[in-house]
Amino acid sequence: MDGFEGPQGYSERFGLTHVNFEDANRQRTPKQSAYFFSGVIENNGFGTPARHLKEVAEITVTPRTSKLVASQVPSEAKVVWDTLSRQSRFQRHKYHYGTFPQDFLWGVSSSAYQIEGAWRADGKGMSIWDKFSHTPGKVLHNDNGDIACDSYNKLEIDIGLLKQLKVTHYRMSISWPRVLPDGTTNNINEAGVDYYHRVIDALLAANIQPQVTLYHWDLPQALEDQGGWLSDMVVDRFREYADFLFSRFGHKVKFWITINEPYIIALLGYGYGSFAPGNHDPGSLHYVAGHNVIKAHAEAWHVYNDKYRAEQKGRISITLNSDWAEPRNPYKQEDIDAAKRYMDFFLGWFANPIFVGDYNEPMKRIIRERSLANGLDKSRLPEFTPAEIERIRGTHDFFGLNHYTSVLAFMVISDRTWLESGSNWLKIAPLGFRKLLKYIKDEYGDPPILVTENGVSENGPVDLNDEHRSYFYENYINEMLKANMTDGANVIGYTAWSLMDNLEWASGYGERFGLFYVNHTNADRPRTPKTSVPFYTTIVRCNGFPNPADGPHDCTNPLFSTSGPISDALLIVSKKRSKKRRDD
Ligand code: BGC
């Protein structure tokens, strides 16, 4: 049981049994580990996987938390670090059986520049990515999206892939310069408009709902030539573009996403310059670009809200991307503060103005202090006027979230034990997903959360047996299930990135995120399912992970009829151990 720990007194607790040192009677309460340990003793080891899992499932159930009232937001967010980050490794890795709500949306996503190709077809204008990728040295191997997956010409095939996946939703984006070649409504390219009608009609005919992103990074070059996201003229152009799309497609599309990942647009496009348009100025211009992105989003939302919502009855929001920041030591205040700062500067940069109102205080304070210390007369972070704050606040119908990875906060690093992927920035860390969802619930007023991207890559030689992707989806989606069932996060849908291998921006075709493999050296760009296709399809069909102990489920395949990952892991460990013993 917990006892006196030398110089640490009673603050370090080693016991299987909790002892209340404030109680004169020193009341003892067994911890969950006590039950677990007695089970190990009873079984003289780990028993059969199925049995072990059942016991785990019985121990794990915790009550759904009640919904927060708005006045508590954002003060409760730190609860995530206080509780979930201090979970034992055992608790963290527990498998969770259960299914998502009946109306859960299952999808898969892509974006125009990454798959369409046909960069000059039928009157399309140039985008900043066309120019950037044609500039030698900007994209790995000088790859470009001229042909990409040739989806412009392979509509039927792609619809077939979606049907095979059994998804109910497809997240796609519209190429702005394909429909408005110079970025303005003065020139409408009807051939481009027709193409998207064909895509949307084909989806609807297949009973797949389109989720349409207005802007997934391919700004018309003509607008970039006038300053791009650094100029506030883009706010008006974006409003007109949005208005145009709602007027043409709004009777068919019920899910709109204004802008994909403002963080990447601003920081990589206008700060580091590693993405189009390649503007290198990490000091302040990314804050200017971000400022205009936020205003443009708000204008598009208002156009829909004021002019189209009543008749078209759709939903519209923005998609923000965020890593999760895990304190390196969850008991150390300094590390928790670092994690909070990371979240404020990443997710909070855009989520605060839209979901709470204005930039968050820590961001405003820190950037201002540093700007003044650098001899500037004002902060590098632009200010919203009070009227702008009000216009932007509340411009959301759901919280669109893209999530891939986590970092350990102290100095920002990732945990070396996390599995690698084909992208150096992406370590497989399912544990962060649940926490991020809970954090969004607590910090931003319990919004409905639509996961608009989540996925993993590989590089190197082609291997269609992509076990790492199945592992990734199984474990990330299982963490999402915990967030939904145990923490009460209102997750309404999930969208896998990506339907097929495509142009991974500055990494070219070298990093592959697809469920389907695309052979980019073959002129036909044939698509072949990887083994993760039936795997993801099973999760979709089952709407989660029904407990095998509840009897056979029509939706399952052999993958789910055996044990989950914990017991597999234990099995592997114990096999290794016994092998070692034999070797000894
Ligand atoms: C983007 C996608 C990209 C994916 C993987 C997201 O940031 O929205 O376009 O391919 O991550 O890097």
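A residue is near a molecule or strand if one of its heavy atoms lies within 4 Å of it. In this predicted model, 13 residues surround the ligand. The protein chain has 584 residues, of which 56% count as buried, and it contains 22 helices and 16 strands. Buried means under 20% relative accessible area, exposed over 50%, and partly exposed in between, with a 1.4 Å probe and protein chains only. Helices (H or I, at least four residues) and strands (E, at least two) are DSSP runs, numbered from the N terminus.

Because the model is predicted, local features need pLDDT of at least 70 and side-chain atom pairs count only at pLDDT 80 or more, while totals for chains, interfaces and linings use all residues. Residues are numbered from 1 along each chain as its sequence is written, and side-chain values use heavy atoms, with hydrogens and water left out.

**The ligand and its surroundings**

- The closest residues to the ligand are Gln114, Glu261, Glu453, Glu504 and Trp505.
- The shell around the ligand is made up of six nonpolar, four polar and three charged residues. In this division Ala, Val, Leu, Ile, Met, Phe, Trp, Tyr, Cys and Pro count as nonpolar, Asp, Glu, Lys and Arg as charged, and the others, Gly among them, as polar.
- A polar contact is a pair of N or O atoms within 3.5 Å; within protein, one must be able to donate a hydrogen and the other to accept it, and residues adjacent in sequence count only if both atoms are side-chain atoms.
- Glutamate 261 places a polar side-chain atom 2.5 Å from an oxygen atom of the ligand, and for glutamine 114 the corresponding distance to a ligand oxygen is 2.7 Å.
- Tryptophan 497 has a polar side-chain atom 3.3 Å from an oxygen atom of the ligand.
- The ligand taken alone exposes 310 Å², and the protein buries 94% of that area. Accessible areas come from the Shrake-Rupley method with a 1.4 Å probe; for residues, only the protein chains shown count as cover.

**The chain as a whole**

- The protein chain exposes about 25,000 Å², and carbon and sulfur atoms supply 53% of this area.
- Among contacts between residues at least 6 apart in sequence, 73% join residues at least 24 apart; contact means heavy atoms within 4.5 Å.

**Helix 9**

- Helix 9 covers residues 190–205, a run of 16 residues. From its first C-alpha to its last it reaches 22 Å, close to the 22 Å expected at 1.5 Å a residue, where the expected span is 1.5 Å times one less than the number of residues.
- Its buried residues are Gly192, Val193, Tyr195, Tyr196, His197, Val199, Ile200 and Leu203.
- The cover over these buried residues includes helix 5 (112–115), helix 7 (155–165), strand 5 (169–173), helix 8 (176–179), strand 6 (209–215) and helix 11 (233–249).
- Asparagine 207, which follows helix 9, has a positive phi near 65°.

**Tyrosine 241**

- Tyrosine 241 lies in helix 11 and counts as buried because its relative accessibility is 0%.
- Leaving aside neighbours within four places in sequence, tyrosine 241 is in contact with Ile174, Ser175, Trp176, Val179, Leu180 and Leu214.
- A polar atom of the tyrosine 241 side chain lies 3.4 Å from the backbone oxygen of isoleucine 174.
- Valine 179 is 62 residues from tyrosine 241 along the chain, and their C-alpha atoms are separated by 9.2 Å.

**Cis peptide bonds**

- Alanine 276 and proline 277 are joined by a cis peptide bond with omega of about 5°. Proline 277 is found in the loop between helix 12 (262–272) and helix 13 (285–312).
- A cis peptide bond also joins tryptophan 497 and serine 498, with omega of about 15°. Serine 498 lies in the loop between strand 13 and strand 14 (516–518).

**Other loop residues**

- Tryptophan 217, in the loop between strand 6 and helix 10 (221–224), has a positive phi near 85° although it is a residue other than glycine. Its relative accessibility is 7%, so tryptophan 217 counts as buried.
- Aspartate 446 is not a glycine, yet its phi is positive, about 55°. Its place is in the loop between helix 18 (431–443) and strand 12 (449–453), and it counts as buried at 12% relative accessibility.
- Glycine 488 lies in the loop between helix 19 (467–485) and strand 13 (491–497) and counts as buried at 5% relative accessibility. The C-alpha atoms of glycine 488 and lysine 441 are separated by 8.3 Å, with the two residues 47 apart along the chain.
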